Structure formats: C-alpha cells, structure tokens
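Please look at the sequence and the model before reading on.

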Amino acid sequence: MNNWRYASTLPSEEWRGHMSIPREIQLRTYSEGICLIQTPISELSQIRAVPVDSKGCAT
C-alpha cells in the first residue's frame, strides 16, 4: 500500500504498491455507526507453513 503524497515517486517500476495483503472489505453497522472492516482473504491460510529458524529447525 502507498501513501498518495509520494506514491508516484517511489523508486520502483513493476512492483510499486504490490506488497499489500489481499483483503475482503465489509461495511458493518454498530451502535456507534457504520464501520469499514478489513480482513485478510481466507485463501492466505492455505499458503502458511511451519516457521523455520535460521538454522533450518522448525520452531
């Protein structure tokens, strides 16, 4: 994600702004009012793996 104040001046071409996580966006109504809710897409859970430390041992 980028800040629009400097988005066009980042020193990158094809990968500019592509490092954010895909999200599902919803509007939900609460007693305080309407809120924008963002959650990572469910498909991301399929690519998670067991963390590995720098020595190659599972943590």
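This is a predicted model: local features need pLDDT of at least 70, side-chain atom pairs count only at pLDDT 80 or more; totals for chains, interfaces and linings use all residues.

Residues are numbered from 1 along each chain as its sequence is written, and side-chain values use heavy atoms, with hydrogens and water left out.

**Whole chain**
- The protein chain has 0 helices and 2 strands, taken as DSSP runs numbered from the N terminus (helices H or I, at least four residues; strands E, at least two).
- Of its 59 residues, 3% count as buried (under 20% relative accessible area, 1.4 Å probe, protein chains only).
- The chain exposes about 5,700 Å², and carbon and sulfur atoms supply 57% of this area (Shrake-Rupley method, 1.4 Å probe).

**Strand pairing**
- Strand 1 and strand 2 form a hairpin with 2 residues between them.
- The two strands pair in the antiparallel sense over 8 bridges (pairing needs at least two DSSP bridges).
- Q26 has I37 in strand 2 as its bridge partner.

**Nonpolar patch**
- I25, L27, I34 and L36 make a nonpolar surface patch of about 470 Å².
- Strand 1 (23-30) and strand 2 (33-40) are the elements that give two or more residues to this patch.
- L27 lies in strand 1 and counts as exposed because its relative accessibility is 65% (exposed means over 50%).
- Patch residues have over 30% relative accessible area and no salt bridge, and nonpolar side chains (Val, Leu, Ile, Met, Phe, Trp, Tyr) are joined within 5 Å.
- A salt bridge is a side-chain nitrogen of Lys or Arg within 4 Å of a carboxyl oxygen of Asp or Glu.

Terms used:
Patches are made of residues with over 30% relative accessible area and no salt bridge: like charges are joined within 9 Å, nonpolar side chains (Val, Leu, Ile, Met, Phe, Trp, Tyr) within 5 Å.
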